[in-house]
Structure formats: C-alpha cells, structure tokens
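Have the structure open while you read.

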Amino acid sequence: MKFRHSKDLNRGAPMSHKKKLLFGVAAVVLLCAIGWLAFFRFGEQRLSESEISKLREKYPVCGDIRTLPPNGDLLVPTWEKVKAREDTFIYCTIDGDMTTYDQYISTGNPELDKKRQENGIGDVYKFYEYPITVIEDAAGLFQPGDKLTIASNMDFVDYKPRLSKGMKAIVPVIRDMDVETRMQFGVNGFFYVTEDGYVLSAFDEQKASIKTTITGEKVDVLLKELKQAMKERAAVAPQAEREDGEQFS
C-alpha cells in the first residue's frame with residue numbers, strides 16, 4: 001500500500017482555501033449585483049399590460065362621447081394643452097360620496113339674463129362635488145392636508161369618473177370663481193391611483209396624443225412630470241405678462 005507523504009497532503013490545503021475564498025468573494029459580488037439590479041428595477045417598475053387590464057374593471061377609461069350632453073365638447077385636448085390650461089393637478093384622497101348643489105350662472109350680460117328669465121330659460125344649474133384631502137399639489141397652490149372639494153356640472157356625471165370614499169387620484173383642476181375651496185375638475189388629465197401607488201388614466205391617452213403611455217407608471221413618476229410642467233409654465237407666465245403690458249404701454 002502506498003502512503004502519500006505529509007508534504008503532499010499539505011500541498012493541497014492552500015489550494016482548497018483559495019477556492020473557498022474565491023467562491024466567497026464571487027458570491028458576495030453576485031449578491032451585490034442582484035441587490036443593485038433589484039434597486040434600479042424597483043425604481044423603473046411599471047405595471048404589465050395584463051395587470052392593467054385586470055385593474056380596468058375598477059379604474060375604467062371614461063369620456064365616452066355617447067354620455068355627453070347635447071352641448072358637450074367632442075374635442076379631446078392634447079396632454080400638452082391639458083397641462084397648460086389647468087390651474088394645477090392635485091394628488092388627493094376622496095373623503096366622501098358625491099353630493100349635489102345648485103348654482104346660478106350669469107351670461108355676464110344683465111339684459112340677456114333678463115330676456116332668458118322672461119323666456120323661461122333657467123340660469124340655475126345643478127352641480128355635484130366630492131370632498132377631498134390634498135396629499136400633494138403639483139403647482140404648490142395647496143398644502144398637504146388641505147380640505148377641498150372637486151366639482152362638475154351634473155350634465156357630465158356619466159362622462160367623468162365615478163369616485164368613492166377612500167379612493168386616491170391625481171385630479172386636473174381649475175379654481176371655482178365663487179368658492180375658494182371648490183375646484184372644477186375634468187376627465188382629461190385625470191388619473192386614478194391604485195392602493196400600491198400606480199396610476200391609470202381615466203381618459204384615452206392615445207386620443208390625447210400622449211407619446212409614451214403614462215398608465216402603469218408609479219405615481220411619483222407622473223407627479224415629477226406635472227411639477228416640472230407647472231414650474232416651466234410659472235417661469236413663462238411673467239414673461240408673457242410683460243409682453244402683453246409692453247403692447248399696450
């Protein structure tokens with residue numbers, strides 16, 4: 001029987017230690033790489049088409065022209081026009097169910113108002129509204145925690161999203177002329193926000209000429225775009241006002 005010399009046995013030990021060390025380092029590097037990939041993937045994560053399809057039952061696309069009143073505007077504005085015309089976009093929580101109210105609306109011409117009344121044409125319109133709490137405001141007009149309402153003409157109730165207590169949304173709004181805490185809202189530019197923080201549009205993004213689909217993105221991604229749009233508009237507005245003033249000076 002042949003016995004290996006002790007030196008031969010010891011010669012293999014350092015090689016085994018090196019292999020273990022190399023495997024250990026490789027494992028650490030691999031884990032770090034997976035961690036970094038997961039970190040960046042999370043930041044870029046968006047919903048898949050199948051996930052969006054399942055959520056559409058709860059968060060439907062609205063704006064069906066068949067639900068518009070006879071005098072409704074059939075033209076769908078582009079996403080860029082929506083961002084330019086709205087006073088702000090409010091990320092909010094819906095605090096309660098819909099309520100209604102009546103509001104007198106003048107034509108701005110007293111004689112015409114009088115003629116309308118004489119001919120039995122009403123100037124009182126029915127509106128509906130939802131109470132909301134501000135989470136974040138893209139233009140910085142309101143602070144987190146502010147209590148407001150979002151309202152619309154009752155004629156458009158079937159054309160715009162139906163909301164319920166506890167829902168979250170990003171809502172395009174224009175200030176009401178009579179009530180400081182009341183905002184008039186539209187469907188174009190309206191986004192539902194899911195429980196886990198993803199956005200789904202309540203309008204047809206293709207008709208709004210949105211080049212890169214927003215539906216399926218994280219809410220922070222959309223808020224970042226809206227804040228930038230509001231910031232750029234605010235920077236342009238003073239210049240436009242100066243130019244208008246110069247024309248009449």
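A charge counts as sitting over a ring if NZ of Lys or CZ of Arg is within 6 Å of the ring centre and within 35 degrees of the ring normal. The model here is a predicted one. Its protein chain has five helices and eight strands, and 35% of the 249 residues count as buried.

**The overall layout**

- Take the contacts in the protein chain with a separation of 6 or more: 67% of them come from residues 24 or more positions apart.

**Strand β5 and its partners**

- Strand β5 (residues 168-175) pairs with strand β1 (residues 88-94) over six bridges, in the antiparallel sense. To spot this on screen, look for I90, whose bridge partner in β5 is V171.
- β5 also pairs with strand β7 (residues 191-193), again antiparallel, over three bridges. Here K168 stands opposite V193 of β7.
- Strand β6 (residues 182-185) runs antiparallel to β5, and three bridges join the two. R175 has M183 in β6 as its bridge partner, and a hairpin of six residues connects β5 to β6.

**Aromatic rings**

- The count of aromatic pairs comes to eleven. One of them is Y128 with F185, an edge-to-face pair at 6.3 Å centre to centre, with 90° between the planes.
- That pair ties together distant parts of the chain: Y128 belongs to strand β3 (residues 124-137) and F185 to strand β6, 57 residues apart. Both Y128 and F185 are buried.
- Why is the pair of F156 and Y159 edge-to-face? The ring centres of F156 and Y159 are 6.4 Å apart and their planes meet at 65°, and planes over 60 degrees apart count as edge-to-face.

**Lysines over rings**

- Back to the opening rule: K160 lies over the face of F156, 5.5 Å from the ring centre.
- K218 does likewise with Y198, lying over its face at 4.3 Å from the ring centre.

Conventions:
Residues are numbered from 1 along each chain as its sequence is written. This is a predicted model: local features need pLDDT of at least 70, side-chain atom pairs count only at pLDDT 80 or more; totals for chains, interfaces and linings use all residues. Side-chain values use heavy atoms; hydrogens and water are left out. Helices (H or I, at least four residues) and strands (E, at least two) are DSSP runs, numbered from the N terminus. Buried means under 20% relative accessible area, exposed over 50%, partly exposed in between (1.4 Å probe, protein chains only). Contact means heavy atoms within 4.5 Å. Two strands pair if DSSP finds at least two bridges between them. Rings of Phe, Tyr and Trp (its six-membered ring) pair if their centres lie within 6.5 Å; planes under 30 degrees apart count as stacked, over 60 as edge-to-face and the rest as tilted.
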